[in-house]
Amino acid sequence: MSERSVSRAKQEKRWYTVLAPEQFDRQELGETPADEPEKVYDRTIETTLGELTNNASENNTKLTFKVTDVGSDAAYTEFKEHSLTRDYLRSLVRRGASKVEAYVTVLTTDDYRVQIQPVAFTTKKADASQEKAIRETMVEMIEEAAADRTFEELIDGVVEGRLSSAIYGEAKTIYPLRRVEIQKTTLEARPEEVAEEEATSVDVDEDDVAADD
């Protein structure tokens, strides 16, 4: 390819400003180049909560967004994942204490399916029954939170630390805790995907019934 062709190819690429979802005030996440708008769809961009809030103390929270819509010079995203950095989680571990984890998949009131991974750190070593009770409390409280909240409200509660604080307040009555965190939150399916899965499931069930007859 000649230098002129390379130059023309570069000129044909347009830069799109990637914007956070409305719940994150449409803040700029960066820029991404593409020669066709369709190529921008499904691209992901990672940032930290600290970068969005200009608060360095929140840089241990990572946020990942996915492009779902493209305008003339802007790319619009939706929340995809929230996670805490490995270094931060490692700093919470103490020898002679318990680390209690759980994995919870929930459906919000507006039919988004989300997986949430809470983790509790005790002050000393808890026994198996106490760890089980803490885990059950974390799961129950997350399920209750999702049952009462939209996707946006649930993610706000996770990112702003309200959900982990509520779990801490309840679970510390079981055994003394040093900290509770939501270590990871992932959007697993959007409402239309959930509806499609349910429709497919119903079709399969009906086929099974027909086969039994």
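1. Basis of the note. The model is predicted, so local features need pLDDT of at least 70 and side-chain atom pairs count only at pLDDT 80 or more, while totals for chains, interfaces and linings use all residues. Residues are numbered from 1 along each chain as its sequence is written, and side-chain values use heavy atoms, with hydrogens and water left out.

2. The chain as a whole. Seven helices and nine strands are found in the chain; helices (H or I, at least four residues) and strands (E, at least two) are DSSP runs, numbered from the N terminus. Of the 213 residues, 39% are buried. Buried means under 20% relative accessible area, exposed means over 50%, and partly exposed lies in between (1.4 Å probe, protein chains only). Among contacts with a separation of 6 or more, 58% join residues 24 or more positions apart; a contact means heavy atoms within 4.5 Å.

3. Rolling a probe the size of a water molecule over the atoms shows where empty space is left. On a 1 Å grid over the protein atoms alone, a cavity is a set of points where a 1.4 Å probe fits but cannot get out, whereas a pocket is an open set with protein on both sides within 12 Å along at least five of seven lines; lining residues have an atom within 4 Å of a point. Grid points are joined across faces, edges and corners, and the volume is the space filled by probe spheres set on the points. The largest pocket holds about 500 Å³ of space. Its lining has 27 residues, and Leu-49, Glu-58, Val-159, Glu-160 and Gly-161 lie nearest the centre.

4. Where that lining comes from. Helix H2 (49-53), strand E5 (74-84), helix H5 (151-159), helix H6 (162-171) and strand E9 (177-189) each give at least two residues to the lining of the largest pocket. E9 has the largest share, with five residues. By class there are ten nonpolar, ten polar and seven charged residues. Here Ala, Val, Leu, Ile, Met, Phe, Trp, Tyr, Cys and Pro count as nonpolar, Asp, Glu, Lys and Arg as charged, and the others, Gly among them, as polar. Because domain 1 (13-84) and domain 2 (86-193) both contribute to the lining, the largest pocket lies between them; the domain bounds come from an automatic or database domain assignment.

5. The second largest pocket. This one has about 170 Å³ of space. Its lining residues include Pro-21, Arg-26, Phe-79, Tyr-112 and Arg-190. E5 and H5 are the elements that give two or more residues to this lining, and the largest share, three residues, is from E5. The classes are four nonpolar, two polar and five charged. Each of domain 1 and domain 2 supplies at least three residues of the lining.

6. Helix H6. Leu-163, Ser-164, Ile-167 and Ala-171 are the buried residues of H6. They cover an arc of only 95° around the axis, so they are on the same side of H6; the arc is that of the directions from the helix axis to the C-beta atoms. These buried residues pack against helix H4 (128-147), H5 and E9.

7. Thr-61 lies in strand E4 (residues 61-70) and is buried, with a relative accessible area of 8%. Beyond its neighbours within four places in sequence, Thr-61 is in contact with Thr-47, Thr-48, Leu-49, His-82, Ser-83 and Leu-84. Its C-alpha atom is separated by 6.4 Å from that of Thr-85, 24 residues apart along the chain. Thr-108 is in the loop between strand E7 (104-107) and strand E8 (113-122), and is buried at 4% relative accessible area. With neighbours within four places left aside, the contacts of Thr-108 include Val-114, Ala-146 and Leu-154.

8. Two positive phi values. Most residues other than glycine have a negative phi. Asp-25, not a glycine, has a positive phi near 60°. Asp-25 sits in the loop between strand E1 (14-19) and strand E2 (28-34) and is exposed, with a relative accessible area of 61%. Arg-26 is found in the loop between E1 and E2, and its phi is positive, about 50°. At 35% relative accessibility, Arg-26 is partly exposed.
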